[in-house]
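Here is a short tour in questions and answers. Look over the sequence and the fold, then read on.

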Amino acid sequence: MDKTKRLPKQRATFLVRCWLLPGGGRCYQVRHVQSGLEAQTDSLEAALQWIEQFRPEQSKPE
């Protein structure tokens, strides 16, 4: 990691679990550690979209 770059002081931590289901499907459970909120999805893309809501406002892409 480049020592000149600093991590933002506001952090969000997530626990992501993935289950492989019979027939090749997947189930994702995502938990935002700081709030305890959880979501369950059937795609990684949907899990990542859910995570985006916790990005600090100043860091959101325009």
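## Core, sheet and contacts

Seven residues make up the largest nonpolar core of this predicted model: Tyr28, Val30, Ala39, Ala47, Trp50, Ile51 and Phe54.

Q: Which element gives the largest share of this core?
A: Two elements give two or more residues to the core: strand E2 (26-32) and helix H1 (44-52). The largest share is three residues. That share comes from H1.

Q: Which residues does Ile51 touch, not counting residues up to four places away in sequence?
A: Ile51 is one of the seven core residues. Leave out residues up to four places away in sequence, and its contacts are Phe14 and Val30.

Q: In what order do the elements of the protein chain run from the N terminus on?
A: The secondary structure of the protein chain comes to one helix and three strands. From the N terminus on, the order is β-β-β-α.

Q: Which are the edge strands of the sheet?
A: The sheet is open and has three strands, in the order E1-E2-E3 with antiparallel pairing. An edge strand here pairs on one side only.

Q: What is the average twist from one strand to the next?
A: The three strands form an open sheet with antiparallel pairing. From one strand to the next, the twist averages 15°.

Q: What angle does the direction of H1 make with that of E2?
A: H1 packs on the sheet. The helix touches E1, E2 and E3. Its direction and that of E2 make an angle of about 10°.

Q: How many bridges pair E1 and E2?
A: Strands of a sheet pair through backbone hydrogen bonds, either parallel or antiparallel. Here Phe14 stands opposite His32 in E2, and Leu20 has Arg26 in E2 as its bridge partner. The pairing of E1 and E2 is antiparallel, and its bridges number seven.

Q: How many bridges join E2 to E3?
A: These two strands run antiparallel. Tyr28 stands opposite Thr41 in E3. The number of bridges joining E2 to E3 is four.

Q: Which residue takes a positive phi near 90° in the hairpin of E1 and E2?
A: This hairpin has five residues between the strands. The residue with a positive phi near 90° is Gly23.

Q: Which residue takes a positive phi near 85° in the hairpin of E2 and E3?
A: Five residues lie between the strands of this hairpin. The residue with a positive phi near 85° is Gly36.

Q: Is His32 buried or exposed?
A: His32 lies in strand E2. Its relative accessible area is 8%. The cut-off for buried is under 20%, so His32 counts as buried.

Q: Which residue has a side chain joined to that of His32 by a polar contact of 2.8 Å?
A: Leaving aside neighbours within four places in sequence, His32 is in contact with Ala12, Thr13, Phe14, Leu37, Trp50 and Phe54. A polar contact of 2.8 Å also joins its side chain to that of Ser35.

Q: Why is E2 largely enclosed by the rest of the structure?
A: E2 has seven residues. The strand is largely enclosed because the number of its residues that are buried is five.

Q: How far apart are the closest N and O atoms in the salt bridge of Arg31 with Glu38?
A: Side chains of opposite charge can pair when their charged atoms come close. Arg31 is partly exposed at 34% relative accessible area, and Glu38 is partly exposed at 37%. In their salt bridge, the closest N and O atoms are apart by 2.1 Å.

Q: Which residue forms a salt bridge with Glu52?
A: The structure holds two salt bridges. Glu52 is partly exposed, with a relative accessible area of 34%. The closest N and O atoms are 2.8 Å apart, and the partner is Arg55.

Q: What percentage of the residues in the protein chain is buried?
A: The protein chain has 62 residues. Those counted as buried make up 19%.

Terms used
Residues numbered from 1 in each chain as written. Predicted model: local features only at pLDDT ≥ 70, side-chain atom pairs only at ≥ 80, totals over all residues. Heavy atoms only, no water. Core = buried A, V, L, I, M, F, W, Y, C linked by side-chain atoms within 4.5 Å. Buried < 20%, exposed > 50% of the residue type's maximum accessible area, 1.4 Å probe, protein only. Contact = heavy atoms within 4.5 Å. Pairing = 2+ DSSP bridges. Axes fitted to C-alpha atoms, helices over the stretch in contact; angles between N-to-C directions. Salt bridge = Lys/Arg side-chain N within 4 Å of Asp/Glu carboxyl O. Polar contact = N/O pair within 3.5 Å; in protein donor to acceptor, adjacent residues only side chain to side chain.
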